[in-house]
Amino acid sequence: MSSTPASHLHLAVALDGTGWHPASWREPVARPRDLFTAGYWADLVAEAERGLLDLVTLEDGLGPQSSHFLDPDDRTDRIRGRLDAVLVASRVAPLTRHIGLVPTVVSTHTEPFHISKAIATLDYVSTGRAGLRVQVSGRPNEAAHFGRRTIRRIEAYDSPAAQDVITELFDEAADYVEVVRRLWDSWEDDAEIRDTATGRFVDRDKLHYIDFEGRHFSVKGPSITPRPPQGQPLVTALAHQPVGYQLVARQADIGYVTPRDADQARALVAEIRAGQQAAGRAGDTLHVFGDLVVFLDDSRAQAEARRDRLDALAGEPYTSDARIFTGTATQLADVLEELATGGLTGFRLRPAVAGHDLPRISRDLVPELQRRGRFRDAYEADTLRGLLGLARPANRYAASVA
Amino acid sequence: MSKPLKQIHLAAHFPGVNNTTVWSDPAAGSHIEFSSFAHFARTAERAKFDFLFLAEGLRLREQGGKIYDLDVVGRPDTFTVLAALAAVTDRLGLTGTINSTFNEPYEVARQFASLDHLSGGRSAWNVVTSWDAFTGENFRRGGFLPQEERYSRAKEFLATAHELFDSWRGDEILADQATGTFLRDAQAGAFVHRGQHFDIHGRFNVPRSPQGRPVIFQAGDSDEGREFAASSADAIFSRYSTLKEGQAFYTDVKDRLAQYGRRHDQLLILPAATFVLGDTDQEAAELARWVRRQQVSGATALKHLEFVWNRDLSAYDPEGPLPDVDPVVSEDHISRGRAQVRMYRDPVAIAREWRQLAEANKWSIRDLVINTGNRQTFVGSPATVAQTINDFVQADASDGFILVPHITPGGLDPFADKVVPLLQEQGVFRADYQGTTLRDHLGLAHPDAGTGTADAPERAVS
């Protein structure tokens with residue numbers, strides 16, 4: 001269990017390519033030719049661990065990155081291509097000790113059985129530091145990469161037809177997480193008995209069929225992988241609208257939201273808490289983290305000048321779903337403290353340039369928050385659940401038998 | 001000698017869910033904890049092995065409607081373990097079984113290309129295929145594949161994956177920070193595949209990996225399986241570990257290569273093999289007998305007979321005579337999720353043969369299973385085992401072996417410490433790795449050899 005003081009904030013960093021600004025790869029520190037090597041990712045995660053951060057998330061997708069929301073583009077001036085996030089996390093796991101590893105998983109086109117055992121195994125190879133970030137895909141081109149379903153095209157977001165598609169994708173994601181979680185519990189912790197007297201390796205009464213039947217798939221179980229070290233690795237999701245908040249409320253341990261200010265943060269947290277109560281999870285710890293893109297420098301003017309320079313290289317001003325912060329680590333600490341008054345328990349920072357802004361987070365922001373008594377001075381737990389103050393959950397099947 | 005000595009290829013199979021594994025031995029460790037896999041992989045790399053091999057299972061085995069509990073049950077995810085092992089090894093090849101029935105080409109191609117990048121060119125894919133609805137109950141598609149379509153789907157799956165791997169030539173990423181050109185080619189990764197099993201198109205999003213494609217392995221002994229291997233694989237796992245059977249298989253498969261325009265050395269034949277080492281041949285033989293009895297308990301022997309008899313035999317005494325009833329011949333099988341079941345094509349004939357064998361030798365049920373089941377392939381002193389392996393390879397019964405120790409994870413260590421040095425002394429096994437990729441170790445050509453990859457990004461070795 002965690003001994004984190006309530007005043008402490010949690011910090012995550014979202015890793016994507018060379019950073020979140022589309023021209024970030026052109027910065028001298030960016031290392032764009034190393035993007036497809038293990039060493040690149042190991043260095044970034046080691047830097048985040050140096051800053052005692054709770055976790056890193058790794059972006060992923062089942063198609064090339066694009067400047068359009070739904071369709072591919074033909075740009076040659078931006079990073080295209082990426083490695084499977086679960087495998088990157090696993091490759092880095094033996095090289096790190098404390099930091100949580102949370103790859104993105106696309107629920108729309110993958111199998112919950114495969115992902116359940118992959119994340120359980122990530123939990124074994126990291127000795128209790130695994131999670132996942134569940135993401136849906138409404139992109140027609142990604143559906144065409146799998147060829148087994150078509151997804152109705154989303155034209156205008158606020159149209160009822162679009163909302164139906166989005167609601168269906170999120171409902172499927174909720175079922176997906178339910179299957180993944182049941183599979184993690186499908187082995188009781190003490191199922192392996194190695195009883196030489198009877199010759200039995202497992203007590204099969206402690207293995208459970210999950211018998212999930214839903215609209216999009218059915219899964220029998222049990223998992224082939226025993227219950228992972230954390231029992232339940234962390235489930236996280238980014239949410240921008242009510243169906244996303246409901247997914248967070250029903251199934252997540254951490255929800256990432258994108259408030260502009262403390263008032264909006266307060267409203268989002270209230271909506272998620274209400275959903276959590278309605279889902280019968282009021283007693284569970286559910287973190288709500290605020291997402292921010294960050295440009296961190298010694299002065300605000302320097303940070304703004306850097307953003308302007310990158311915008312000029314990109315040929316357009318950078319916009320984001322999340323609030324974009326430009327300034328110093330001290331100023332960012334002020335912003336985080338202010339946003340936290342809205343009920344956020346932590347933040348997921350998206351470095352505009354990974355090679356520049358990530359070290360500024362670990363070496364400038366973290367010491368500033370420590371000075372203010374708002375961040376840990378050392379890792380206080382060996383598991384990601386421990387760092388986040390989450391208890392190791394009881395096994396649902398064991399509980400029902402008892 | 002006119003012919004130069006063949007170089008032996010060696011690999012290690014992390015023992016999984018089968019009765020070769022003696023989990024009851026006090027030296028046996030976890031089959032799940034990463035430390036076991038790391039120990040095993042480091043031993044294989046210390047011994048300069050070509051690769052480590054992991055099998056896969058997608059549904060727990062059942063017998064008589066209950067989860068089979070007498071062998072090791074449970075294993076980690078193949079891709080995830082291999083990626084983590086890439087962090088604790090530098091040269092060892094990383095081979096994983098991935099089923100072509102319960103996966104989709106885009107995702108599997110991404111995972112193998114990613115593993116190849118993350119390991120600096122050490123990935124290999126053992127393509128297996130399955131049709132059973134039993135396993136399908138864990139997947140979206142469910143149980144669906146007619147048996148006669150399994151190889152056609154596997155072949156099309158592999159061909160599609162190759163189209164995805166080849167959708168990047170390897171020189172598309174320029175990443176010129178000064179001019180702002182990241183991609184040389186806006187269409188990098190473009191693909192279209194229209195076939196019987198897959199109708200997909202779009203853009204593959206993993207750039208070409210160090211090996212271009214993973215090394216392809218195939219396991220499966222049917223005529224179709226041999227043909228599939230001859231047409232599409234770089235190596236084949238066989239189960240013929242006697243000299244004569246091995247030579248027959250070797251000749252048969254290698255002779256099939258020419259019709260696909262391939263040379264003899266473009267497909268390696270690697271049987272799985274077990275071993276028991278002792279200080280002397282006699283000590284090893286005694287140890288081997290003990291290991292067999294550990295592998296086949298009375299309960300295990302009865303369950304093994306149920307594979308053939310296809311009926312509940314729990315009322316029989318494993319130390320007594322064989323059942324006098326005949327097997328039940330049925331599409332429904334008492335044992336599910338097991339490859340062995342398919343080995344017994346005519347159960348009534350096998351039962352008759354086994355009863356005769358048991359009567360002639362005065363064997364109990366357990367004695368029969370011990371004496372007819374998988375025997376240890378190599379039993380003897382390190383010198384004997386090294387000599388036997390070398391004789392086998394030089395006589396073209398195989399190109400090397402995939403060794404399966406009966407103890408996890410330390411069972412490979414005695415082989416690494418005692419047998420490998422003898423093979424090295426004889427000049428038939430490498431003293432050190434000559435290259436960095438698995439293709440280098442196996443002597444396989446790089447698919448990009450001769451094409452322009454000079455501007456490809458530098459690759460990290462580890």
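Q: About how much area do chain B and chain A bury between them?
A: This is a predicted model, and its interface can be described by lost surface. The size of an interface is often given as the accessible area lost when the parts come together. Of the area buried between chain B and chain A, 59% is on carbon and sulfur atoms. The total is about 6800 Å².

Q: Which residues of chain B lose the most area to chain A?
A: On the side of chain B, three residues together account for 13% of what that side buries. They are Arg140(B), Gln177(B) and Phe182(B).

Q: How many residues of chain A are in contact with chain B?
A: The contact involves residues on both chains. Chain B contributes 80 residues. The residues of chain A in contact with them number 81.

Q: How many salt bridges are counted between chain B and chain A?
A: Side chains of opposite charge can pair when their charged atoms come close. One salt bridge between the chains joins Arg148(A) to Glu104(B), with the closest N and O atoms 3.3 Å apart. The count between chain B and chain A is seven.

Q: How do the residues of the side of chain B that touches chain A divide into nonpolar, polar and charged, and how many are nonpolar?
A: Across this interface, 41 residue pairs are in polar contact. Elements of chain B that each supply at least two residues to the side touching chain A include helix H2 (78-88), helix H3 (105-118) and strand S10 (199-203). The residues of that side comprise 21 polar and 21 charged. The nonpolar residues number 38.

Q: How many residues apart are Asp16(A) and Arg82(A), which link distant parts of the chain?
A: Asp16(A) and Arg82(A) form a salt bridge, the closest N and O atoms being 2.8 Å apart. Asp16(A) is in the loop between strand S1 (10-15) and helix H1 (38-50), while Arg82(A) is in the loop between strand S2 (55-58) and helix H2 (85-92) of chain A. Arg82(A) counts as buried because its relative accessibility is 16%, under the cut-off of 20%.

Q: Where in chain A is Arg133(A), the partner of Glu59(A) in a pair that links distant parts of the chain?
A: The side chains of Glu59(A) and Arg133(A) meet in a salt bridge at 2.8 Å, N to O. Glu59(A) is buried, with a relative accessible area of 12%, and Arg133(A) is buried at 5%. Glu59(A) is in the loop between S2 and H2, 74 residues apart from its partner. Arg133(A) is in strand S4 (residues 131-135) of chain A.

Q: Is Asp284(A) buried or partly exposed?
A: Asp284(A) forms a salt bridge with Arg281(A), the closest N and O atoms being 3.3 Å apart. Arg281(A) counts as buried at 9% relative accessibility. Asp284(A) has a relative accessible area of 40%, and is therefore partly exposed.

Q: Which residue has its backbone oxygen 2.7 Å from a polar atom of the side chain of Arg376(A)?
A: Arg376(A) is found in the loop between helix H10 (354-371) and helix H11 (384-387) of chain A. At 4% relative accessibility, Arg376(A) counts as buried. Leaving aside neighbours within four places in sequence, the residues in contact with Arg376(A) include His8(A), His10(A) and Asp54(A). The backbone oxygen in question belongs to Leu52(A).

Key. Residues are numbered from 1 along each chain as its sequence is written. Chains are lettered from A and ligands numbered from 1 in the order in which they are written. This is a predicted model: local features need pLDDT of at least 70, side-chain atom pairs count only at pLDDT 80 or more; totals for chains, interfaces and linings use all residues. Side-chain values use heavy atoms; hydrogens and water are left out. Contact means heavy atoms within 4.5 Å. Buried area is the accessible area (1.4 Å probe) that two parts lose on being put together, summed over both. A salt bridge is a side-chain nitrogen of Lys or Arg within 4 Å of a carboxyl oxygen of Asp or Glu. A polar contact is a pair of N or O atoms within 3.5 Å; within protein, one must be able to donate a hydrogen and the other to accept it, and residues adjacent in sequence count only if both atoms are side-chain atoms. Helices (H or I, at least four residues) and strands (E, at least two) are DSSP runs, numbered from the N terminus. Ala, Val, Leu, Ile, Met, Phe, Trp, Tyr, Cys and Pro count as nonpolar, Asp, Glu, Lys and Arg as charged, and the others, Gly among them, as polar. Buried means under 20% relative accessible area, exposed over 50%, partly exposed in between (1.4 Å probe, protein chains only).
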